[in-house]
Amino acid sequence: MYDIIVIGCGVVGAATAYRLARYRLRTAVLEACNDVANGTTKANSAIIHAGYDPEPGTLMAALNVEGNRMTAEICRKLDVPFRRCGSLVVAFTPEDQAMLEKLYQRGVANGVPQLRLLSGEEAHALEPNLSAEVCGALLAPTAGIIDPWGFALAMIETAVQNGVELHRSCPVTAIDALPEGGFRLTTPKGSFEARCVINAAGVEADRVHELLEPVNWKMTPNRGEYYLFDKSEGSLVDHVIFQCPGPEGKGVLVSPTVHGNLIAGPNAEPVTDRLDVGNTADGLDFVRSRALKSVPGINFRQNIRNFSGIRANTDQGDFLIAASPNYPGFIDLAGIKSPGLSSAPAIGKRAVELAAQAGLTLEENPDFRDERHVVRFRHLPPEEKNALVAKDPRYGRVICRCETITEAEIVAALHGPVPACTVNGVKRRCNAGMGRCQGGFCGPRVQEIISRELGIPPTQICMEQEGSWLLACETKQAKEDAGNV
Ligand SMILES: Cc1cc2nc3c(=O)[nH]c(=O)nc-3n(C[C@H](O)[C@H](O)[C@H](O)COP(=O)(O)OP(=O)(O)OC[C@H]3O[C@@H](n4cnc5c(N)ncnc54)[C@H](O)[C@@H]3O)c2cc1C
């Protein structure tokens, strides 16, 4: 019997596990995918919002502002790329300026520090590449940009290092309430019993809840599409540039990324298939026209990748964070749409408080180690690089030339506390394949290292999800099978 089980390991499940790890508890995290952060956590704008957007009094407002504060501290301790670059919401019309005033008042009510309304001139002084049409802006210096999957990974790695069990490729397919209290969760890897269960299943949270009892709210999934640009565009803006929010959300933003690229997106399109993370010509055209409205100088020929993510929107408007009235040990962290990434640490903290109210005993673990260090060879001064190469020659072999990622860093990604098992898993842990060529050159060499280090044949290596194999068979074999053509 576990004390507590978390279902789902996106940023919310990871933040919850990280919070639980500081107590003497038997905790497990069950994740359906073969890797963590493979859902919405890997495909979003990567902004740590300041917190002026949600309506005062909502959970979203309180947890966003608290989460923003907590994120900076966690990123410092766990070595996660995060930069408080600040954000600007820009106005093009007098109506927009009225909206900025409203956002400013909302932000003050939500407790967002240092907000300031700027004139058009002040906005252009901060961001010379803004459209000449911009006539005012709301500056929020506490907004930031983050590596979203790196954030989730850092928290779950630290949780695992402190004794939390993580089971990947372990979808929960049935939930039964036990007569003596607690729950039995069925998975293809066997059943797990726990006194308390946290549902952090993202866009599947309604379906997971329905394994136990019906839900009285409706998931309304909504897709957002993006352009990602080469680093040559990365310094076009220094702040996150938002347009005024509308009924469909925060609108299209243009932003630097912590990895030095530029990102533009998202649109907002209701979808029926919650796993459909494709891109559409219409969606991308919309993003393009809106992004150019804010920053007309973006060179779309420098686009290196498009992607999309699914928002876990519901018909309720706010995060749904609560224990089931019928089963107080079953706690939903559902409807975690934007600002879910920004709020994740505060959501994790709230989840643990709810578990304590349901009877979980929280006794501090005096051995909890709240630290993590990642070697990023490319950012080191020459003398530290030399010392590393002398100690381990694999630091002297650059595999990803776009990003200067060494063999030693790829090997570390494959043997870490939550080891990578796919090409994209390696990419997200050490950035091999994230550059301009998007893995075109280093991909085969990364696959060779995965095959060697994990002891699997190349034909078993997946790009991402189970079944996404990259290689079918040896070319000669294929020819023979096809009748020696
Ligand atoms: C387009 C877009 C832009 C966004 N931009 C921002 C932003 O800039 N800032 C911000 O703060 N927020 C943003 N968000 C919101 C943010 O990305 C999400 O709130 C956050 O990633 C949600 O994390 P999660 O852990 O709840 O969900 P997920 O990351 O989806 O994780 C849920 C996990 O549960 C697993 N799972 C599902 N079913 C089961 C099962 N039966 N058994 C076991 N595991 C299961 C899934 O495999 C998945 O790994 C954005 C969202 C989108 C879509």
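Predicted model: local features only at pLDDT ≥ 70, side-chain atom pairs only at ≥ 80, totals over all residues.
**Ground rules.** I number residues from 1 along each chain as its sequence is written.

**Domains.** I first looked up how the chain is divided. The assignment gives domain 1 (1-81 + 145-218 + 312-373), domain 2 (87-141 + 220-309) and domain 3 (377-476); such bounds come from an automatic or database domain assignment. The centres of domain 1 and domain 2, taken over C-alpha atoms, are 28 Å apart. I found 29 residues of domain 1 in contact with 33 residues of domain 2, where contact means heavy atoms within 4.5 Å.

**Ligand shell.** I then asked which residues surround the ligand. The shell has 38 residues, and the closest are E31, T41, I47, I336 and S342; a residue belongs if one of its heavy atoms lies within 4 Å of the ligand. I sorted the shell by class and got 20 nonpolar, 14 polar and four charged residues. In this sorting, Ala, Val, Leu, Ile, Met, Phe, Trp, Tyr, Cys and Pro are nonpolar, Asp, Glu, Lys and Arg are charged, and the others, Gly among them, are polar. Domain 1 and domain 2 both give residues to the shell, so the ligand lies between them. Elements that each supply at least two shell residues include α1 (11-20) and α8 (340-357). Helices (H or I, at least four residues) and strands (E, at least two) are DSSP runs, numbered from the N terminus.

I count a pair of N or O atoms within 3.5 Å. An N or O atom in the side chain of T41 is 2.5 Å from a ligand oxygen. For S342, a polar side-chain atom lies 2.6 Å from an oxygen atom of the ligand. At V172 a polar backbone atom is 2.9 Å from a ligand nitrogen. Taken alone the ligand exposes 1000 Å², and the protein buries 95% of that (Shrake-Rupley method, 1.4 Å probe).

Most residues other than glycine have a negative phi, and most peptide bonds are trans. I noted a cis bond from G265 to P266, with omega near -5°. P266 is in the loop between β16 (262-265) and β17 (269-270). Another cis bond joins S338 and P339, with omega about 10°. P339 sits in the loop between β20 (330-334) and α8. D79 is not a glycine, yet has a positive phi of about 60°.

Key
Heavy atoms only, no water. Polar contact = N/O pair within 3.5 Å; in protein donor to acceptor, adjacent residues only side chain to side chain.
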